[in-house]
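Please read the points below with the sequence and the structure open beside you, and look up each place as it comes. They are written as a colleague's note, one topic to a point.

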Amino acid sequence: MPASDLVQHMKQGLASPICLTWELTYSCNLQCIHCLSSSGVRDPRELSTEQAFAVLDELRDLQVFYINIGGGEPMIRRDFFDILERAEANGIGVKFSTNGAFIDAENARRLAAMNYLDIQISIDGADAATNDHVRGEGSFAKAIAAMNHLRDANFGRFKISVVVTRQNVAQLDAFKKLADEYGAQLRITRLRPSGRGADTWDQLHPTQEQQREIHRWLINHGENVLTGDSFFHLNALGDSIPGLNLCGAGRVVCLIDPIGDVYACPFVIHEEFKAGNVLESGFTAVWRSSELFTSLREPESAGACASCGSFDACQGGCMAAKFFTGLPLDGPDPECVKGYGESALSAVPVQIKPKPAMDHSRRLVRA
Amino acid sequence: MSITLESACELHPQVALRPEEFGALAYHYGNRRLIFLKHPDVVAVVKTLGEHDTLASALSAQGIEANRWPSFLAALNQLETSEIVRAR
């Protein structure tokens, strides 16, 4: 079967997701200015341990091979290790994203003793100044301390996860060097205008020249760097970056949020992309027959991009990036490398940009 | 090629297979690699490799015609490289 047929199958949706992101909690010790899920304060409706176990049992029955756990900061949950152990017992691999603040020597040893576990430590700068501007004061030092604990505990090859921004594009080599020093795997992903990122995207997203730099860097280093397939919009620049080159939302991936709502992907926490809730119908029914996911699996229209020769390469880019910048979903990505996004953006009135469904940011305390 | 028609093989014990319309997804829990098995016949052969003394016997048992054997041999060697199947 040719590769294009395989892509066609994936566009029509798989029997179960290839992988799935599960934000365990909206609670977070940090307040990153680009947080996809606007995390900060715990939601009182957060799934209980028993409810979380029921989800894991359903994922086992669906043969979901691995899940990406995130948040918020997932390690804040008191039953965090119980959830990891249940996943392991169910044969579900776990990759979890953390800011590292709770990885002390003891927790590092505990994590190192588990199978089927990958850890992604998030940093968004190769030095404290660049990182802390986005993730908050002291967050770089905490992430480095976590990496040291993982190394000392012989955890093995953990991942360092970076959201590429205007401020850190020039540090891609430095990130790679840092990862190599720890024997770690570098993972870089695209900044989305989602969650609090909607408010900071204008100042953080890479410039057109920087996008070309990212593309060149990925062509040179792509085989050794993970991207979560998030940069396929850059493929319109020429050579293809390794990866599936398609939007997997509702087709091969999805998101379960801390209260059990299921969204098409981690970047679209908004009513319009909510397919259902695991407590109401179970995850399987949402994945296989929700109205939203069914419609996402139908052939898409290239819309305004139909006349552009690069549509096959970039697939029109990222649905979430378009949605939260107020652009139509069947038109160019706001970061379209051919420049069609910029002109489309200039025509979007500020007030029509959709707001995320929920905001769990901590409120500033007034004096 | 290290796997021949005479090889005794098996699905790698760290690999899980999940049926999909196009064939199956194979996930290796050790190297964390995800591989697409793009034909139901390949899936059927891979699943039953362990029950046969040779690859040829596994292919015959699944009713795979001899003119398709070379492509199956190539596919299985690829799967061996990805550690989805192994010699035993």
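This is a predicted model: local features need pLDDT of at least 70, side-chain atom pairs count only at pLDDT 80 or more; totals for chains, interfaces and linings use all residues.

1. Which angle do H2(A) and H3(A) make where they pack? Helix H2 (residues 49-61) and helix H3 (residues 80-89) of chain A pack at about 20°, and their axes are 10 Å apart. Angles under 35 degrees count as roughly parallel, and H2(A) and H3(A) are therefore described as roughly parallel to each other. Their crossing is right-handed. From H2(A) the contact uses Thr49(A), Ala52(A), Phe53(A) and Leu56(A), and from H3(A) it uses Asp82(A), Ile83(A), Arg86(A) and Ala87(A). By class, the contact of H2(A) with H3(A) has 5 nonpolar, 1 polar and 2 charged residues.

2. The next point concerns the backbone. Most residues other than glycine have a negative phi, and most peptide bonds are trans. The peptide bond from Gly71(A) to Gly72(A), however, is cis, with omega near 15°, and Gly72(A) is placed in the loop between strand E2 (66-70) and H3 of chain A. Asn154(A), which is not a glycine, has a positive phi near 55°; Asn154(A) lies in the loop between helix H6 (139-152) and strand E5 (159-164) of chain A, and with 9 other C-beta atoms within 10 Å it is exposed. Arg32(B), also a residue other than glycine, has a positive phi near 60°. Arg32(B) sits in the loop between E3 and E4 of chain B and is partly exposed, with 14 other C-beta atoms within 10 Å.

3. In soluble globular proteins, nonpolar side chains tend to be buried together. The largest nonpolar core here has 117 residues, and those that touch the most other members are Ile67(A), Tyr263(A), Cys265(A) and Val268(A). Setting aside residues up to four places away in sequence, Cys265(A) touches Ala249(A), Val253(A), Cys254(A), Leu255(A) and Ala320(A).

4. Is Met319(A) buried or exposed? Met319(A), which lies in helix H14 of chain A, has 22 C-beta neighbours inside 10 Å and so counts as buried, the cut-off for that word being 20 or more. Not counting residues up to four places away in sequence, Met319(A) touches Cys247(A), Ala249(A), Val268(A) and Leu329(A).

5. Gly326(A) is found in the loop between helix H14 (319-324) and helix H15 (340-345) of chain A, and with 19 other C-beta atoms within 10 Å it is partly exposed. Leaving aside neighbours within four places in sequence, Gly326(A) is in contact with Val348(A), Ile352(A) and Lys353(A). Ser240(A) has its place in the loop between helix H9 (208-221) and strand E7 (255-256) of chain A, and with 15 C-beta neighbours inside 10 Å, Ser240(A) counts as partly exposed. With neighbours within four places in sequence again left aside, Ser240(A) is in contact with Asn235(A), Asn245(A) and Ala313(A).

6. Finally, how many residues does each chain bring to the contact between chain A and chain B? Chain B gives 13 residues and chain A gives 11 residues. On the side of chain B that touches chain A, the elements giving two or more residues are strand E2 (15-20), strand E3 (23-28) and strand E4 (34-37) of chain B, with the largest share, 3 residues, coming from E2(B). The residues on this side of chain B divide into 7 nonpolar, 1 polar and 5 charged.

Definitions and conventions:
Residues are numbered from 1 along each chain as its sequence is written. Chains are lettered from A and ligands numbered from 1 in the order in which they are written. Two residues are in contact if their C-beta atoms, placed from the backbone, lie within 7 Å. Helices (H or I, at least four residues) and strands (E, at least two) are DSSP runs, numbered from the N terminus. Ala, Val, Leu, Ile, Met, Phe, Trp, Tyr, Cys and Pro count as nonpolar, Asp, Glu, Lys and Arg as charged, and the others, Gly among them, as polar. Axes are lines fitted to C-alpha atoms, for helices over the stretch in contact, and angles run from 0 to 180 degrees between N-to-C directions. Angles under 35 degrees count as roughly parallel, over 145 as roughly antiparallel, 65 to 115 as roughly perpendicular and the rest as oblique. A crossing is left-handed if the near helix is turned anticlockwise from the far one by less than a right angle, and right-handed if clockwise. A nonpolar core is a set of buried Ala, Val, Leu, Ile, Met, Phe, Trp, Tyr and Cys residues joined through C-beta atoms within 7 Å. A residue is buried if 20 or more other C-beta atoms lie within 10 Å of its own, exposed if 12 or fewer, and partly exposed in between; C-beta atoms are placed from the backbone.
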